[in-house]
Amino acid sequence: MIKNIFKNFVSKSATRPYPIEVRPGFKNARGELDNKVSECTLCGICAKKCPSQCITVSRKENLWELNPFACVYCGICVDACPKSCLVHYTEHKKPARVKTNLVLKKEISPKLKVVANA
Ligand code: SF4
Ligand code: SF4
């Protein structure tokens with residue numbers, strides 16, 4: 001036991017002092033979720049498939065919204081998206097003092113707006 005005490009005393013800590021020292025992202029890690037909204041069709045499949053119901057899609061307002069604090073980072077929405085516009089970064093979301101949703105607005109070109117109104 002004395003041997004273990006001395007060994008632990010001089011060896012490097014097994015844990016990291018997060019967020020001062022952040023573990024680098026690694027291949028296939030499911031970190032922060034984002035949407036390349038310009039490619040999104042606002043079809044709503046991701047919202048329907050999400051087990052946490054943390055995605056909201058409004059075609060009327062051209063909005064795609066994520067509550068990152070309810071997301072369990074399962075990746076189901078990423079796999080289900082027909083446009084492959086959802087992406088998991090390998091790094092996790094930074095710590096925050098205030099809970100905010102990720103709200104992305106899809107800009108519709110004037111030409112498409114005219115077609116939609118016709
Ligand atoms: S499934 Fe993909 S294309 Fe459809 S609303 Fe979600 S992010 Fe957009
Ligand atoms: S990663 Fe999972 S929990 Fe998070 S938004 Fe996508 S489907 Fe929902």
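Between which two strands is the loop that holds N62 found? The legends below describe close-up views of a predicted model, and they open with that residue.

**Figure 1. N62 in its loop.** N62 belongs to the loop that runs between β2 and β3, the latter strand covering residues 63-66. The backbone of N62 has a phi near 55 degrees, which is a positive value in a residue other than glycine. Most residues other than glycine have a negative phi. N62 has a relative accessible area of 18%. Buried means under 20%, so N62 counts as buried.

**Figure 2. S58 at strand β2.** S58 is part of strand β2, which comprises residues 55-58. The relative accessibility of S58 is 17%, and S58 is therefore classed as buried. From its side chain, S58 reaches the backbone nitrogen of E61 at a distance of 3.1 Å. When the neighbours within four places in sequence are left aside, S58 is in contact with L42 and L63.

**Figure 3. The peptide bond between Y18 and P19.** Y18 and P19 are joined by a cis peptide bond, with an omega of about 5 degrees. Most peptide bonds are trans. P19 is placed in the loop between helix α1, residues 2-10, and strand β1, residues 33-35.

**Figure 4. N28, a further residue of the loop between α1 and β1.** N28 is also found in the loop that lies between α1 and β1. Is N28 buried or exposed? Its relative accessibility is 66%, and because exposed means over 50%, N28 counts as exposed. Along the chain, N28 and Y73 are 45 residues apart, while their C-alpha atoms are separated by 12 Å.

**Figure 5. The surroundings of ligand 1.** Ligand 1 sits in the largest cavity of the model. It is surrounded by 14 residues, of which the closest are C40, C43, G44, C46 and C81. How do the residues of this shell divide into nonpolar, polar and charged? The shell around ligand 1 holds 10 nonpolar residues, three polar residues and one charged residue.

**Figure 6. The surroundings of ligand 2.** The space that ligand 2 takes up is the second largest cavity. Around ligand 2 there are 15 residues, and the closest of them are C50, C71, C74, G75 and C77. In this shell, 12 residues are nonpolar, three are polar and none is charged.

**Figure 7. G75, one of the residues closest to ligand 2.** G75 is among the closest residues around ligand 2, and its place in the chain is the loop between β3 and α3. With a relative accessibility of 6%, G75 counts as buried. Which residues does G75 contact, apart from its neighbours within four places in sequence? These contacts are with R30 and H88. The C-alpha atoms of G75 and K94 are 19 Å apart in space, and the two residues are 19 residues apart in sequence.

**Figure 8. P82 and S84 in the loop between α3 and β4.** P82 lies in the loop between α3 and β4, and S84 lies there as well, with α3 spanning residues 76-80 and β4 spanning residues 86-88. P82 has a relative accessible area of 52% and is therefore exposed. Leaving aside the neighbours within four places in sequence, P82 is in contact with C43 and I45. P82 and I45 are separated by 37 residues in sequence, and by 8.3 Å in space from C-alpha to C-alpha. C43, the other contact of P82, is one of the closest residues around ligand 1. S84 is a residue other than glycine with a positive phi, near 50 degrees.

**Figure 9. K48 on helix α2.** K48 lies in helix α2, which is made up of residues 45-49. Its relative accessible area is 71%, so K48 is exposed. K48 and L102 are 54 residues apart along the chain, and their C-alpha atoms are separated by 18 Å.

Terms used: Residues are numbered from 1 along each chain as its sequence is written. Chains are lettered from A and ligands numbered from 1 in the order in which they are written. This is a predicted model: local features need pLDDT of at least 70, side-chain atom pairs count only at pLDDT 80 or more; totals for chains, interfaces and linings use all residues. Side-chain values use heavy atoms; hydrogens and water are left out. A residue is near a molecule or strand if one of its heavy atoms lies within 4 Å of it. On a 1 Å grid over the protein atoms alone, a cavity is a set of points where a 1.4 Å probe fits but cannot get out, and a pocket is an open set with protein on both sides within 12 Å along at least five of seven lines; lining residues have an atom within 4 Å of a point. A molecule sits in a cavity or pocket if more than half of its atoms lie within 2 Å of its grid points. Ala, Val, Leu, Ile, Met, Phe, Trp, Tyr, Cys and Pro count as nonpolar, Asp, Glu, Lys and Arg as charged, and the others, Gly among them, as polar. Helices (H or I, at least four residues) and strands (E, at least two) are DSSP runs, numbered from the N terminus. Buried means under 20% relative accessible area, exposed over 50%, partly exposed in between (1.4 Å probe, protein chains only). A polar contact is a pair of N or O atoms within 3.5 Å; within protein, one must be able to donate a hydrogen and the other to accept it, and residues adjacent in sequence count only if both atoms are side-chain atoms. Contact means heavy atoms within 4.5 Å.
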